[in-house]
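Here is a friendly walk through one structure, from a loop residue to the helices, the cores and the aromatic rings. Please have your viewer open as you read.

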Amino acid sequence: MTQRDVAFVVANTLLGESISSESLRNIVEQWIESDATFRQVGSSMYAYEYLSGPTMSIYDLHARLLALLKADTVTSSKIVCCSKADSSAAVCQAFKSVTGCSPYILQAVGVLSDLEKRQLVSIVPNDKLCVVKCDEATLEILSQRAVAHISDQSIRLITDDNAYYRVSRVAMLFDMYRRLKTLQPDKKFVFACDKTQRACMDACTTAIEMGLPVRIVETVPDYDRDQVIKQAYTTTGYILSPRAVEQWVSLNAASLESDEVGVFVQPSHPAKRRKLLEPLINHVIPLPHKLYFNPSVNLRYKFNAPTVNTIINFLTN
């Protein structure tokens, strides 16, 4: 099966009662634009990469499916995205293609690198971006409270825990397994799942209920991130994104059996964090053309107070 075939089977299984098979097939054809990369890292580990979209992150895959599935129901709607890391830029880019839909972005300050900030402001119009001075968890709570207080039914709040994201993540897990069986037919599949992220945990649970033969290992909370990045590069030559470090540590701590292979997701291109990574690995990370932004251009957003009223004013004025 191809990646599109796998994605269709997953989508049809999870959404077939509400969307026809023909419609889902058309959606999948638009959704999977290019093939993911399955890269061997060391002797018993693989990295799953989908870094070909506009933001060069795995969120491009999730956001595009979300926009395609909601295209018929969000006309004349304000899509409000409150998401983690740089996924908000991916959501905004995906929903730009939906006629009559206006994507508004709520972004927590402090979680983005300088390059990710420039990417965000290049994709999101200034009047549709609200950068709030708080952490991600607080912003999600504030956003939910704000939308609940607004009577405008056209405002739709999207978070990383959206049910449609689960479809994308489950399809990704099955695609990992398909690739593993092609490369290592006698090996078993072990995946590091972040149990602090509901979306990731829900996807793993759903995939297992659908029959995916995978062993889940819990993430390890205590580790020296910088040291792990150095060691991974020294021993394998692979550059870990900071957000993939926890999965790497967990798989190494899981004591894989001789017939097991660990698989983790590289969530974004390492060039996005090159200011952090280059001094650690003592190597220049080439900057893809998609991620080049003029460093002399000032970032044009301001920090907003972390209050419900701030978000309400942003969405209603």
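## Gly110 and its loop

Gly110 is exposed, because its relative accessible area is 64%; exposed means over 50%, buried under 20% and partly exposed in between, with a 1.4 Å probe and protein chains only. You will find Gly110 in the loop between β4 (102–108) and α5 (114–123). Helices here are DSSP runs of H or I with at least four residues, strands are runs of E with at least two, and both are numbered from the N terminus. From the C-alpha atom of Gly110 to that of Val131, 21 residues apart along the chain, the separation is 9.7 Å.

## About the model

This is a predicted model, in which local features need pLDDT of at least 70 and side-chain atom pairs count only at pLDDT 80 or more, while totals for chains, interfaces and linings use all residues. Residues are numbered from 1 along each chain as its sequence is written, and side-chain values use heavy atoms, with hydrogens and water left out.

## Helix α8

The buried residues of α8 are Ala199, Cys200, Ala203, Cys204, Thr206 and Ala207. They are on the same side of α8 because they cover an arc of only 165° around the axis, where the arc is that of the directions from the helix axis to the C-beta atoms. An α-helix has 3.6 residues a turn, so residues three or four places apart point the same way. On the other side of α8, Arg198 and Glu209 are exposed. The buried residues pack against α1, α7, β7 and β8 (214–218), contact meaning heavy atoms within 4.5 Å. After α8 comes Gly211, with a positive phi near 110°.

## Helix α4

Helix α4 (residues 87–95) is mostly covered, with eight of its nine residues buried. Among the buried ones are Val91, Cys92 and Phe95. The elements covering them include α3, β3 (78–82), β4, α5, β6 (155–159) and α7.

## Nonpolar cores

A nonpolar core is a set of buried Ala, Val, Leu, Ile, Met, Phe, Trp, Tyr and Cys residues joined through side-chain atoms within 4.5 Å. The largest one has 41 residues, and Trp31, Leu173, Met176, Phe189 and Phe191 have the most contacts inside it. Elements that each supply at least two residues of this core include α1 (3–15), α7 (163–183), β7 (188–193) and α8 (198–209). The largest share, eight residues, comes from α7. Another core, of 28 residues, lies apart from it and includes Leu115, Trp248, Ile281 and Phe293.

## Aromatic rings

The whole structure holds seven aromatic pairs. Rings of Phe, Tyr and Trp (its six-membered ring) pair if their centres lie within 6.5 Å; planes under 30 degrees apart are stacked, over 60 edge-to-face and the rest tilted. Phe38 and Tyr46 are stacked, at 4.9 Å centre to centre with 5° between the planes. Phe38 is buried at 13% relative accessible area, and Tyr46 is buried at 3%.

Tyr238 and Phe264 pair edge-to-face, at 6.1 Å centre to centre with 80° between the planes. This pair links distant parts of the chain, 26 residues apart: Tyr238 is in the loop between α9 (225–236) and α10 (245–253), and Phe264 is in strand β9 (residues 260–266).
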